[in-house]
Amino acid sequence: MSDMSDTPNESASNSCMAHQLVDGHVIDPQTARDVGHFRKALRQELYAKRKAVPLVQRQNTSAALAEMLNTHIGDPRDKIIAAYWPIRGEPDLRNWMAEMHVKGAILALPTMPAKHQPLEFHRWTPESEMKMGHFHIPIPQVADPLDPDLVIVPLLGVDQDQYRLGNGGGYYDRTLARRPNAQTIGIGAQFCQIKTIFPQAWDIRLNTILLAP
Ligand SMILES: Nc1nc2c(c(=O)[nH]1)N(C=O)[C@@H](CNc1ccc(C(=O)N[C@@H](CCC(=O)O)C(=O)O)cc1)CN2
Ligand SMILES: Nc1ncnc2c1ncn2[C@@H]1O[C@H](COP(=O)(O)OP(=O)(O)OP(=O)(O)O)[C@@H](O)[C@H]1O
């Protein structure tokens with residue numbers, strides 16, 4: 001049947017379909033549903049753990065990660081580094097981003113051009129005017145897309161094989177699938193460690209994981 005061709009279909013709306021396609025990967029819909037439920041429960045646990053961390057400890061985590069990133073990255077001059085604007089108790093790298101800017105790095109922040117589409121990365125400097133983006137995440141007011149050498153990814157969870165659990169939109173996976181040359185660094189705290197996310201075909205492993213002690 002022509003409407004059962006290999007058009008990407010995330011909702012598997014046709015009841016005859018024994019599979020669905022996610023970004024060209026054949027996925028068993030029942031497995032995708034089970035994994036979705038499992039991850040949802042895991043996210044709630046991890047959000048609760050993160051919320052329970054006192055502010056001072058969170059600040060220590062951010063400072064420790066800044067040091068670890070400096071050691072890992074070395075000379076940042078002319079490197080295009082994508083970081084993020086912290087939400088929901090994620091480590092706050094904004095001071096570190098400003099320091100990187102002074103040291104000659106080119107910084108970028110993720111933006112969401114549309115729902116269920118890959119992220120873009122736009123230039124940020126400490127002087128950048130910001131505006132509110134989707135999910136109430138601030139983004140640079142002026143659009144200036146960049147192709148990052150390094151992408152720093154906030155971890156909600158991370159498993160033993162360096163697969164990340166995020167906020168559940170699949171945005172980083174979609175994005176990194178299209179940027180195979182970007183080096184990826186997942187950052188978080190020790191309590192982010194989980195055994196497995198039951199990785200699926202769409203999940204992208206991170207190159208490096210840095211966890212604050
Ligand atoms: N600081 C920061 N910025 C970021 C990300 C991030 O993880 N951290 N992103 C990384 O992707 C993008 C935003 N991604 C998001 C994805 C989902 C939800 C969210 O609220 N999701 C729903 C549940 C979705 C579901 O389970 O189907 C929710 O929590 O209610 C928020 C942000 C871009 N910017
Ligand atoms: N490359 C992709 N193309 C299309 N859909 C995708 C892709 N990657 C993930 N998804 C879909 O996004 C949904 C959430 O994926 P997942 O559980 O991996 O989110 P996450 O990595 O925790 O989220 P985020 O990256 O936004 O923080 C799943 O339904 C998945 O099928």
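## A walk from the core to the ligand

Of the 34 residues in the largest nonpolar core, Ile81, Ala82, Ala83, Leu107, Leu109, Ile152 and Val153 touch the most other members. A nonpolar core here is a set of buried Ala, Val, Leu, Ile, Met, Phe, Trp, Tyr and Cys residues joined through C-beta atoms within 7 Å. A residue is called buried if 20 or more other C-beta atoms lie within 10 Å of its own, exposed if 12 or fewer, and partly exposed in between, with C-beta atoms placed from the backbone. Two or more residues of this core come from each of H2, S3, H3, S4, strand S5 (120-124), strand S8 (150-154), helix H4 (171-177) and strand S11 (183-189). In these names, helices (H or I, at least four residues) and strands (E, at least two) are DSSP runs, numbered from the N terminus. In soluble globular proteins, nonpolar side chains tend to be buried together.

Before going further, please note that this is a predicted model, in which local features need pLDDT of at least 70, side-chain atom pairs count only at pLDDT 80 or more, and totals for chains, interfaces and linings use all residues. Residues are numbered from 1 along each chain as its sequence is written, while chains are lettered from A and ligands numbered from 1 in the order in which they are written.

Setting aside residues up to four places away in sequence, alanine 82 touches Ala108, Pro110, Phe121, Pro148, Leu150, Val151 and Ile152. Such a contact means that the C-beta atoms of two residues, placed from the backbone, lie within 7 Å.

Now turn to helix H3 (residues 94-102), where Trp96, Met97 and Met100 are buried. Seen down the axis of H3, these buried residues fall within an arc of 105°, so they line one face of the helix; the arc is that of the directions from the helix axis to the C-beta atoms. An α-helix has 3.6 residues a turn, so residues three or four places apart point the same way. What do the buried residues of H3 pack against? Their partners are helix H2 (55-73), strand S3 (80-82) and strand S4 (106-111). On the face turned away from the buried side, H3 carries the exposed residues Asn95 and Val102. After H3 comes glycine 104, with a positive phi near 100°.

Threonine 125 sits in the loop between S5 and strand S6 (130-132). Is threonine 125 buried or exposed? It is exposed, because 12 other C-beta atoms lie within 10 Å. Beyond its neighbours within four places in sequence, threonine 125 is in contact with His101 and Leu107.

Finally, visit ligand 1. Of the 18 residues around ligand 1, Tyr84, Asn167, Gly168, Gly169 and Tyr171 come nearest; a residue is near a molecule if its C-beta atom, placed from the backbone, lies within 6 Å of it. The shell has twelve nonpolar, four polar and two charged residues, where Ala, Val, Leu, Ile, Met, Phe, Trp, Tyr, Cys and Pro count as nonpolar, Asp, Glu, Lys and Arg as charged, and the others, Gly among them, as polar. Tyrosine 171 belongs to helix H4 and is partly exposed, with 19 C-beta neighbours inside 10 Å. Leaving out residues up to four places away in sequence, tyrosine 171 touches Met112 and Leu119.
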